[in-house]
Amino acid sequence: MLSALLVMAAIAIVLGAVLGFAAIKFRTEGNPLVDKIDAILPQTQCGQCSYPGCKPYATAIAAGEADINRCPPGGEEGIRKLADMLGVDFKPFGGDTNAPKPKSVAFIDESTCIGCTLCIQACPVDAISGAAKQMHTIIAAECTGCELCVAPCPVDCISMVVIEEKITSWKWKYPVYSLTTPA
Amino acid sequence: MNALHHFHGGIHPPSHKAESTQMPIAHAPLPSRLVVPFHQHAGEAAKPVVQVGDHVLKGQLIGLPDGFISSAVHAPTSGTIAAIDMQPVAHPSGLPNLCATLTPDGRDEWVARKPVDDYRSHSPAELQQLLRMAGVVGLGGAAFPTDIKLLIGKKKIDTLILNAAECEPFITCDDMLMRERAAEIVKGAEILCFMVDAGEVLIGIEDNKPEAITAMQQAVSDSGMNFEVVTIPTIYPGGGAKQLIRVLTGLEVPSGKLPTDIGVQCFNVATTYSVYRALAHGEPLLSRIVTVTGNVRQARNYEALIGTPIDGLVALSEVLQDSNGYIMGGPMMGIPLPDVHVPVVKATNCVIAASDKLFPPPPPALPCIRCTRCVEVCPADLQPQDLYWYAKARDFGKAQAYSLFDCIECGACSYVCPSHIPLVQYYRFAKSEIHAREKEKQSADSARERHEFHLHRIEREKREKAEKLAAKEKAAQAAKSAVEHSDAGVTR
């Protein structure tokens, strides 16, 4: 009787020690689900989901506070991916969310720009170069097309230019042909 | 030479090669306008280094290689640059690309050429740089810069293969080149052999080109080199690099690896010829042999300047009335030309005038019945019906797991498909979709990084401002108390 108790207690202590050690050693920082969701989001940081960036939106989804259909730049495919990963049903865009738009980049009309730096402060990815009273310009390769710089501009010199298809970015289309059965 | 080996599958489409080998290579006349695209090769486009209105000489550099995988572009004749703008080019998208339009002055005046007298006195790296600046790219159709293929690092090349299989129907440009200029090809092979320090050189030619085989054998024995001309059976796609390597050496290039990883490198014969012209004569790649065939009165091979409009070129062979389009390349892997005014580029090995008689429109596609005939003919040992299934369902991860990227898009599967499914179109769609996603993922990752840094920077600025403010306040406080002290001193 006593030996059985001792054996059980010893096992409990050993296993407890192992678990305790593992809890410290293999501790995960942050919520891994948030990172997984964040990896699916397009990182435009545009705030159209009503959260101040992709990471906060991912956090809200992970906490169950936000719907998965609030990210227009991600498109329907983004919603599908989120639905797949979270094991929930696909939800179409709707309600107060904007419809997806073609991908575009901001363009500054340099002759109108007064160099106020307001757009530079608004840009979430630091893709605008310039300084006070100096002309500003968009670093097009880094621009995510979030449109956050458009509203602050006091002289309305920023416009969004849709990215046109070029030979280097062209993609083969999904084959479309008639699939008919002979009569 | 050991016994020949086999690759899996393959097909025997009607070859249609006799039509265009009746007459020797003709020089296409100088057109009144040449349109030279800056992006004729795999990799990055060349950067224009001339301005509109400049007078250029034949062989003068007009586009500088821009990026690691890139190649130079030259003026094909002397004349004036009339425009540098977007022009229609031979691309399946039909989209325009940046081109220089050259109005020839008719004098065909060469820029100063710098031939390499003795290539053995140069290091392979120097020769590579010369080839890069001479704009030499693979002329088999893929237009991959030759200098990059010669960049083998520490790898040891046992076998250098000259690809003269020319397996695709209709195309005879390599055949005619070998018949007429075999000696120069062999000299090019000597240079390539020196550059990669190859143990042996094999020249693989399909057995439907007996004249070319004889000419090459003669040239090899005249040169006294220890090269071997190997006759291989005619089977499509026996001229695919991996397939030819398999046939000649029995080695299989592993998935995701390069031929150089197994000690083999492969060059097309026309490329080899251009290597010789570029080094021994200092002539950059300004022209190439183009087969004009199909629905024409007299199919023939022409040596055409890069930039020659294709409509002018096909007119030389008199296109028949019932033609309904043009294909650049062969009927299996070629692309339908969106516009016949596009220029000849370095990749233009063949132009076929198409007609309903020659290429009857395919009957409507039927559902896949999983007969696995495509599996039987696939030269890359893939499961085309599964790849089709996953590409159709846009399940790209699965398609990749089934080695989609080992598909060489030879079209053998579509050729035998009893349901007439355009299989290769699905594979191309899936491949470009996967590439686009990878690119998107990269830009999203970079945006995330930049955003995180942006937040970090704002946080830091706020903190620094607060610290500064605090320091200022403290200083003010100290100054104030000092003044109070001194005031107190004065009043006292």
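Residues are numbered from 1 along each chain as its sequence is written, and chains are lettered from A in the order in which they are written. Since this is a prediction, local features need pLDDT of at least 70 and side-chain atom pairs count only at pLDDT 80 or more, while totals for chains, interfaces and linings use all residues.

**View 1. The largest nonpolar core has 131 residues.** Here a nonpolar core is a set of buried Ala, Val, Leu, Ile, Met, Phe, Trp, Tyr and Cys residues joined through C-beta atoms within 7 Å; buried means that 20 or more other C-beta atoms, placed from the backbone, lie within 10 Å of a residue's own. Look for M216(B), V290(B) and V351(B), which touch the most other members. Helix α3 (residues 173-196) of chain B gives the largest share, 12 residues (helices are DSSP runs of H or I, at least four residues, and strands runs of E, at least two, numbered from the N terminus). Domain 1 (18-27 + 118-316) and domain 2 (366-492) of chain B each supply at least three residues, with bounds from an automatic or database domain assignment.

**View 2. M216(B) and its contacts are shown beyond four places in sequence.** The partners are M178(B), A182(B), I203(B), I205(B) and V229(B), a contact being two C-beta atoms, placed from the backbone, within 7 Å. Another core, of 15 residues, lies apart from the largest one and includes C119(A) and C143(A).

**View 3. An open sheet of 6 strands in chain B has mixed pairing.** Its order is β1-β14-β13-β17-β15-β16, where strands pair if DSSP finds at least two bridges between them. At the edges, β1 (26-27) and β16 (335-336) each pair on one side only. Strands β13 (residues 287-294) and β17 (residues 350-354) run parallel, joined by 4 bridges, and G294(B) stands opposite A353(B) in β17(B). Across β13, β14 (300-305) and β17 lies α3(B), at about 125 degrees to β13(B); axes are lines fitted to C-alpha atoms, for helices over the stretch in contact, and angles run from 0 to 180 degrees between N-to-C directions.

Technical notes. A residue is buried if 20 or more other C-beta atoms lie within 10 Å of its own, exposed if 12 or fewer, and partly exposed in between; C-beta atoms are placed from the backbone.
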